[in-house]
Amino acid sequence: MTHFSKYQKEYHASLEHKEAFWLEQASKLDWFVTPEKALSKVSEKKFTWFEDGVLNTSHLALDHHVANGRADQLALVYDSPMTGTKKTYTYKKLHDQVARFAGGLRALGVSKGDTIVIYMPMIPEAVIAMLACARIGAIHSVVFGGFAPHELALRIDDAKPKAIITASCGIEINKIIPYKPYVDKALEEASHNPAYKIILERPEQPEKLDYVQEIGFYHVMSQGKAIDPEPLKATDPLYILYTSGTTGTPKGIVRDNGGHAVAMKYSMDHVYNALPGEVYWAASDVGWVVGHSYIVYAPLIQGCTTILYEGKPIKTPDAGAFWRMIEEYKINTLFTAPTAFRAIRKEDFEAEHLWKYDVSSLKALFLAGERCDPATYEWASEKLGIPVIDHWWQTETGWPIVANMLGLESFPVKPGSATKPVPGFDVRILSHQGEEVASGKEGYIAIKLPLPPGCLPTLWQNDERFVKSYLSMFEGYYATGDGGYKDEDGYVYIMGRVDDVINVSGHRLSTGEMEEIVAGHEHVAECAVIGIDDELKGQVPFGMVVLKNDVVEANVMQIENELIALVREQIGAVACFKRLIAVQRLPKTRSGKILRRTLRQMINGLSYKVPSTIDDPKILEEINESFQLQKIHSI
Ligand code: COA
Ligand code: AMP
């Protein structure tokens, strides 16, 4: 008789007996009305989960724990080496502040179904604002604080929020980021005008508010009476999170309440093996999906203590910052991006800082957000001596697609692979024609529909774009945008994006958007921006521009500088667009399509085939030479 492992049984059950499997997972949560139906088909391509269930995510994250013995346990620890501040919140205290802030929002007229933009640094009030929106059924859309006003304006116009919640400033190493002026600038650009700006005044940057449209965060809290969580349908949206696609218009990923809560709970138990009462730290930012899922919602739904860290892996004050945190808060699970470990390894290769701290509480390190290079994996494993888990997921899915599931059955690690598909995700490797390819052969990574609970049901008010972006490439599948392969043991290897999305220090950005910005400059005839490998940041953008004929040689450098400044101003410093070259021509097919993929392979030193359709093969060599020369110049 064939012996099936625990993982195999669970994986099989999740795909072949979806109703029973997911209803059982759902039963582990405290619903107002427990669902009796798991999956519903809305149309040929669209599905929803738990449509007859009623719940509230803020209730699961707070009220449930207060009522069940965790009132005095720490829910949230805030540690900010940027400001030298530390604060703790028990479940009871966090519940109280969230319930009162929710009451304050309601007093301002915010109600179920309204949208709220949150543009805040890594401070507790960001978490309070998110949970308060969830409590009244308002749909939050958190915008990463590193985005420039233009990016904020795009999101405001799409989400059309009733209010924006922000802070007077964010704090980066040695500089203050003036959030409130950025919001004002974004509102000048946007066509939509929210009724209120709610502003948390930080001592580092006082603000003058008009107290009519601009109201203080704690004033709103003091005006509200604590309110109970609103019963919501499982399919009601919890949040919108914009993410980069292939164009300049970000995609508004929608997350529902019910499927999301079930996925958060399931992943904490089975992927992260994070037990209630333990301390869980996702060293990311609330503006990214990792922050939504694993700083805010999953640890709190699970009854863990979550950590909010306003600092960096290095320089705040040194490469021992993470180890200090682990010792101080007895952290059990750490989740971050490989780039953070590359930064620590670069500064402190011998891990001398590590020996100064007691990090024995740490059970596992999880890495995601970008490819984990084997050198970083080896270094982290050797120095920490605990499981180091590379796992793969996306803003769209909200939780891991491929992982080594510590809470189910752990497999031997193969560096370079994120291990095996997580139950619920039917991961297939497809050829261009949509046929499954043999193991070991690279192809497009797709997920057979339906996607499991927690994944995006659609894009915000744009079903058409949802279908076009994800469901049209392969009939019956969700196209992930990543390429890779499976080996003969079923391990999945993610080889990188097959579209115009790049990951810079774990920050997802669109080279397509950068091209749109660069092409908008009056002296640019055409351009291409691709991602190139970077030792620290994983990838950085690299631009090639063809300038208009009337540009004289003497002005080229100035224009290059203007283009760099333009991308920084429009997207933000996180784009790290610092390298570009002016070229005579771009390589194209005879039908005029720029050969970005070939450029990417050539410049990153990968093997590449010169397509037979290229109009002039010499151009590739010319560009490669200029790139190599520029590299030498910049060393
Ligand atoms: N608000 C405003 N500006 C921000 C910002 C924020 N939240 N985050 C970064 N920036 C700015 C930085 O100040 C910097 O500006 P500069 O060009 O004027 O110096 C620029 O964006 C690039 O910053 P960063 O990407 O942090 O690069 P770095 O070289 O300063 O630091 C690392 C490198 C690896 C230490 C850092 O990128 C890091 O901690 N990465 C982890 C990222 C992460 O957690 N990603 C989440 C995915 S899970
Ligand atoms: P984001 O939506 O910001 O989470 O970025 C998702 C993208 O990051 C994926 O589509 C991948 O390209 C990349 N990514 C995330 N995790 C990994 C990983 N473990 N290995 C390789 N790439 C990853």
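Residues are numbered from 1 along each chain as its sequence is written, with chains lettered from A and ligands numbered from 1 in the order in which they are written. Because the model is predicted, local features need pLDDT of at least 70 and side-chain atom pairs count only at pLDDT 80 or more, while totals for chains, interfaces and linings use all residues; side-chain values use heavy atoms, without hydrogens and water.

E11 spans residues 196-200, and four of its five residues are buried, that is, under 20% relative accessible area with a 1.4 Å probe and protein chains only (exposed is over 50%, partly exposed in between). E11 and E12 (residues 214-216) run parallel and are joined by three bridges; pairing requires at least two DSSP bridges between two strands. E11 also pairs in the parallel sense with strand E8 (residues 163-167), over five bridges. Within E11, Leu-200 is the residue opposite Ala-167.

An open sheet with antiparallel pairing contains four strands in the order E23-E24-E25-E26. E23 (427-430) and E26 (492-497) are the edge strands; each has a single partner strand, so one side of each lacks a neighbour in the sheet. On average, neighbouring strands of this sheet are turned by 50° against each other, direction ignored, with axes taken as lines fitted to C-alpha atoms (for helices over the stretch in contact) and angles running from 0 to 180 degrees between N-to-C directions. E23 and E24 (residues 443-448) run antiparallel and are joined by four bridges. Arg-428 has Ala-446 in E24 as its bridge partner.

Methods: Helix = DSSP H or I, 4+ residues; strand = E, 2+ residues; numbered from the N terminus.
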